[in-house]
Amino acid sequence: MRAGIVGLGRMGRTHAENIVNNIPSIKLVAACSIFEEELIYAKENLLVEETYTDFESMIDNANLDLVLVVAGAEVRPSMVKYAIEKGVHTFAEKPLGLTISEIEEVVEVIEKNKDKTKFQLGFMRRFDEDYLYAKEIIDNGDIGEITYIRAYGIDPSSGLDTFVKFAKNSNSGGLYHDMSIHDIDVIRWLTGREFKRVWATGANFARPELDNVGELETGIAQAQLDNGIMVHLVAGRNAPHGYQVETEIMGTKGWLRIAPVPEKNMVTIFDNNGVKRHCSASFPERFKQAFINELSHFVKCIKENKEPKVTAYDGLIATKVALTCKKSLEENKIIEI
Ligand SMILES: NC(=O)c1ccc[n+]([C@@H]2O[C@H](COP(=O)([O-])OP(=O)(O)OC[C@H]3O[C@@H](n4cnc5c(N)ncnc54)[C@H](O)[C@@H]3O)[C@@H](O)[C@H]2O)c1
């Protein structure tokens, strides 16, 4: 399948390199970016045939079967709509857009073209082996009825200075929309339930200057799902040891935890400093196989004319919950969804 990609930042490079090195069913033939150095990288390192600075030209000229939309969320809705309407199967990173109304428009276009053009959103945790294993255990009824879920999604402190530097111009949609959105989706997927109410709060202890730009270094949200399941979401950008993604699920008959210690691998080092386990350092490392699996799933769905597991509607709902957390933080009150 001939694929193009727009956006070759951290996430775009991860997808592009995964395709080139690990997904033989996709041939990356075109790349689009507003940065010249990224297009040079695409030609030299990814060996793409064509590069573009304008997304619509890539869609119109590169004869693509599918496109990966990995540019920022501020340009994503118009790009997804354009590609879908031109009949190019589209994979888009999360979030699908920055506002509910623009995402609703995208969902409408995707629904209208559903019979001829496939769409999948990048909630890769649904394709991670550990989360899939946990889901199987839950679905088997092994831990009984879920009563409580605690989810951590915290980026390493090594990225904090860069985050602070660019926070003013950031279009991430805020901490909950950028980080907790994965936990929100995972919780909907694992429980089959919807969020009913949230209360959020946050603080900037390590970098108080983030107060001035309305961003958060650490934030929490307490929530309740529509059947009473209780939830704590903890999101942040300041984990000193590495990339901390952790989910704990309590049930009436058992508990389970997914990656409470973010271990890099199965290696333990014994030396004169004691005993060490190295830590997972970043999202491309922790979810490497999940990123490969999600794209392989999308290709399979296109080939077999099946509905992908993650829909635009999932993106819309996760954004609604995340933006309600933000509103709750700003208004300092519990908000019903
Ligand atoms: N699934 C995940 O775990 C995960 C992790 C990180 C980022 N993301 C998402 O991926 C997206 C990209 O994140 P990033 O960290 O790579 O961002 P980034 O800022 O590093 O890269 C953005 C890229 O978009 C390109 N771009 C922007 N506007 C463009 C336009 N008009 N035309 C063509 N190209 C344009 C830029 O050239 C750049 O290559 C974000 O929306 C983020 O939420 C997802």
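This is a predicted model: local features need pLDDT of at least 70, side-chain atom pairs count only at pLDDT 80 or more; totals for chains, interfaces and linings use all residues.
**Domains and their interface**

The chain is divided into domain 1, residues 2-117, and domain 2, which is made up of residues 125-285 together with 317-336. A distance of 27 Å separates the C-alpha centres of domain 1 and domain 2. Contact between them involves twelve residues of domain 1 and twelve residues of domain 2. The area buried between the two domains is about 1,000 Å², and carbon and sulfur atoms account for 67% of it. On the domain 1 side, the residues that lose the most area to domain 2 are K94, L98 and I100, which together make up 47% of what that side buries.

Two salt bridges are found across the interface of domain 1 and domain 2. Two elements, α1 (10-22) and α5 (100-112), each give two or more residues to the side of domain 1 that touches domain 2. By class, that side of domain 1 has six nonpolar residues, two polar residues and four charged residues. A salt bridge is also formed by K320 with E104, where the closest N and O atoms are 4.0 Å apart.

**Packing of α6 and α8**

Two packed helices are described by the angle between their axes and the distance between the axes. For helix α6 (residues 129-139) and helix α8 (residues 175-191), the axes come within 10 Å and cross at roughly 35 degrees. From α6, the residues Y131, L132, K135 and I138 take part, and they meet V186, W189 and L190 of α8. The contact of α6 with α8 comprises six nonpolar residues, one charged residue and no polar residue.

Two loops of the model hold the features tabulated below. P95 is located in the loop between β5 (89-92) and α5. The peptide bond that joins K94 and P95 is cis. K94 is also one of the residues of domain 1 that lose the most area to domain 2. N63 belongs to the loop between α3 (55-61) and β4 (66-69). Its phi is positive, and N63 is a residue other than glycine.

| Residue or bond | Backbone angle |
|---|---|
| K94 and P95, cis peptide bond | omega about -15 degrees |
| N63, positive phi | phi near 55 degrees |

Notes:
Residues are numbered from 1 along each chain as its sequence is written. Side-chain values use heavy atoms; hydrogens and water are left out. Domain bounds come from an automatic or database domain assignment. Contact means heavy atoms within 4.5 Å. Buried area is the accessible area (1.4 Å probe) that two parts lose on being put together, summed over both. A salt bridge is a side-chain nitrogen of Lys or Arg within 4 Å of a carboxyl oxygen of Asp or Glu. Helices (H or I, at least four residues) and strands (E, at least two) are DSSP runs, numbered from the N terminus. Ala, Val, Leu, Ile, Met, Phe, Trp, Tyr, Cys and Pro count as nonpolar, Asp, Glu, Lys and Arg as charged, and the others, Gly among them, as polar. Axes are lines fitted to C-alpha atoms, for helices over the stretch in contact, and angles run from 0 to 180 degrees between N-to-C directions.
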